[in-house]
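Subject: Structure handover

Hello,

Here is the structure for your files. Please open it beside this email as you read.

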Amino acid sequence: MSSETVHAIIDDIGALLLFTMILIVAAGQIYRAIYAVAAQSLLIAIAAAVLAASTGNRDLWVIAGLTLGVKAIGLPWGLHVVVQRMNVRREVEPVIPIAATLALAVAIVVMAFQVSASLGPIRQAITGNALPVGIALTLTGVLVMATRRTALTQMVGLFASENGLFFTAMAVTQGMPLIIEIGVILDVILAALVMTIMVLRVRSTVDADIADLDRLRG
Amino acid sequence: MADTLLWVLPLVPIVTALVMLTTRDRRMLSAIDIASSSVLLVLALLLAREVRASGPRAFGVLRVDDLGLVFLLLLVVLTLAVSIYTVGWLRQAVAVGNMQADSVRFYFALVHAFVATMVVTVLADNLGVLWIAMEGTTITSAVLVGYHGHHHGLEAAWKYIIVTTIGISFGLFGTVLIYAAAAASAGAGAMSWSAIMDVAPTLDPGIVRIGFIFVMIGYGTKAGLAPMHLWLPDAHSQAPTPVSALLSGVLIKCALLGIIRFQTIAAAACGPGFPTTVLLVFGLISVVVAAPFILTQHDIKRLLGYHSVEHVGIVALGLGFGGPVGTYGALLHVVNHGVTKALAFFAAGTAIARYNSRDMRVIRGLLGVAPIGATLLMLAALSLAGVPPFSIFVSEVIVLRAGIGDGHWAAVAVFLVMVVVIFAGLLHHAGSMAFGEPTPAAGREREAWSPIVGMVLLAAIMIALGLGIPGSIDGLLRRATEIIVD
């Protein structure tokens, strides 16, 4: 593949990633947010495979496989099981209206592109529009975490945020050291595990959502 | 020799954690705990001697220099103090049912896993490994924060893990950006700090600037700098006392080390003015934000938590004033605050156990029922408030002198006002706890020996550092300062 084709593919995937992010922000039901984040991870895995094929960097194949197995299948499936097990009828419970969150998300995307446009030399170091898309995904993920009151939706925001990071990291032309990427994925899995245990534990003792507890103040 | 030490150091707590899972005997566990912490201390001192003799050493992704040593020594000393303190603390906690006797081994194993991640953090040369270890500290310590299992603890643990995980993903983003900037010239080794430092002056300032701001927010969250400090008072107050001491004494300092590593890169790429200005702003915000909460607080451990925000702010101010004086003051303050804050949490923990309450309005007349503990609590409070001749006074004066020398008059004025306000607030709280008639709630049992030994160890270091900085420590801090200021 020529580098222009790769550029174009990465930019297309970037656009699709932003679209999945909008789906996550707009999701009124927790299931939809989980499916959207799974689709997003799948796109990241495809991007890794494209970059692996074009650069001949074998490490990226491993990352593509790990992303597919862990982030596109494993974690969403786990979340799905937890949602069913807890039998949550509660939806995502936004703190501010979803329309307002969407407007903020759009502002974040515009700002991310603005900031990256001001950085000339980074164009050689990171493929295509991976930098602004990555920044936008990371910040929007944080936005989702900040504006949702249920623990599982906050976890979805966290995964989306990490996806943004991965997208930028794999598009660095020199490639990230494989061992670092694996370490990062391992950390994400462990964090997700610990969070899930906490959620289930609070649910079983006080029958409340852990993110909804607010006794500690001042 | 030094190379072997480098990889053995993180291995010691990991092996200890695994060994601990094999036994349920509490005495046995405490013995392993203290033995392992002592071994760690001895190994760290050996490493310090090697570095003094033959300069920085690297082994794979790990590297030790004088800057890392400052934090490593603080870590191992506090770990030993925590191990000693835990003996008596645990006996009491099991007796009143705060800890389950048959699951104590998991607690110990987690504490050592937590220590292991912190050891890797201070020894990491590869900035990716630094990040992985830092996230590892979050995961292990979040479980410890919620260890008691009641919903306050779990609420604090949730807030902690969510806020710091978001924060730290910003840190990774910053790391990736700086790596992208360096990869072109430094090649495959571009993730290691020492390799980036070699090419730092040639990096594109625009990218490094954005990368540093991401890192500052990321590791700043973990360090408890305001306005990203929201998790800190909850986590520090809800964690079991020995864990609070480690969180406040060491963990937030490890995050500061991460910031300092990136500060040196940013200073080389964009000139020293840029990172110091950012640090100065965050430092000032932290000092100002912490003050009102310290004044109005009733929960003693939350008080100490907010107090950590203030002191991390002072360290950031020292780094922000910059120059050899400010940086030296900041590093000295890291050590002083680490030791003093651990002592304060220990003393507060024993007082809470005695009164079965963490409300400072209930803890009265401690001097009457527990004279040694009360004296140590007063010493810690006096030192934290910045009273001479204790160690924190010394480092605060050095930081202040750097500010005046550089002509940061506005920052110095704000700093002074806040220090005076906090001084008054803290002494008021501490005085009313120590003196007066003991409330009926006060337990009158004899003071346990092990917490006292742990506290006296720290108090001795605190007082010694206040009276005069020994030549070896002074030399270490000076060499560490040279790494940062260059």
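Below is what was found in it, from the chain contact down to single residues.

First, the ground rules. This is a predicted model: local features need pLDDT of at least 70, side-chain atom pairs count only at pLDDT 80 or more, and totals for chains, interfaces and linings use all residues. Residues are numbered from 1 along each chain as its sequence is written, while chains are lettered from A and ligands numbered from 1 in the order in which they are written.

The chain contact

Chain A puts 40 residues into the contact and chain B puts in 35. Two residues are in contact if their C-beta atoms, placed from the backbone, lie within 7 Å. On the chain A side, helix 5 (122–125), helix 6 (130–147), helix 7 (151–171) and helix 8 (178–206) each give two or more residues. Helices here are DSSP runs of H or I with at least four residues, strands are E runs of at least two, and both are numbered from the N terminus. Helix 8 of chain A has the largest share, 13 residues. By class, the chain A side holds 27 nonpolar, nine polar and four charged residues. Nonpolar means Ala, Val, Leu, Ile, Met, Phe, Trp, Tyr, Cys and Pro; charged means Asp, Glu, Lys and Arg; the others, Gly among them, are polar.

Helix packing in chain A

Helix 1 (residues 3–26) and helix 6 of chain A pack at about 10°, with their axes 10 Å apart. Axes are lines fitted to C-alpha atoms, for helices over the stretch in contact, and angles run from 0 to 180 degrees between N-to-C directions. The two helices are therefore roughly parallel (angles under 35 degrees; over 145 is roughly antiparallel, 65 to 115 roughly perpendicular, the rest oblique). Residues of helix 1 in this contact include A:G14, A:L18 and A:M21; those of helix 6 include A:V133, A:L137 and A:T140. The contact has 11 nonpolar, two polar and no charged residues.

The core

The largest nonpolar core has 281 residues, and A:M170, B:V70, B:L343 and B:L377 touch the most other members. Such a core is a set of buried Ala, Val, Leu, Ile, Met, Phe, Trp, Tyr and Cys residues joined through C-beta atoms within 7 Å. Buried means 20 or more other C-beta atoms within 10 Å of the residue's own, exposed means 12 or fewer, and partly exposed lies in between, with C-beta atoms placed from the backbone. Helix 6 (residues 151–186) of chain B gives the most to this core, 22 residues. Beyond four places in sequence, A:M170 touches A:A47, A:A48, A:L51, A:L60, A:I63 and A:M176.

Chain B

Chain B has 19 helices and two strands. Buried residues make up 65% of its 486 residues. One to look at is B:A347, in helix 13 (residues 323–355). B:A347 has 32 C-beta neighbours inside 10 Å, so it counts as buried. B:A347 and B:M455 are 108 residues apart in sequence, yet 7.4 Å apart in space, C-alpha to C-alpha.

Backbone points to check

A cis peptide bond joins B:A226 and B:P227, with omega about 0°. B:P227 sits in the loop between helix 8 (205–223) and helix 9 (232–238) of chain B. The bond from B:P388 to B:P389 is also cis, with omega near 10°. B:N356 has a positive phi, near 55°, and is not a glycine. With 12 C-beta neighbours inside 10 Å, B:N356 counts as exposed.

Best wishes
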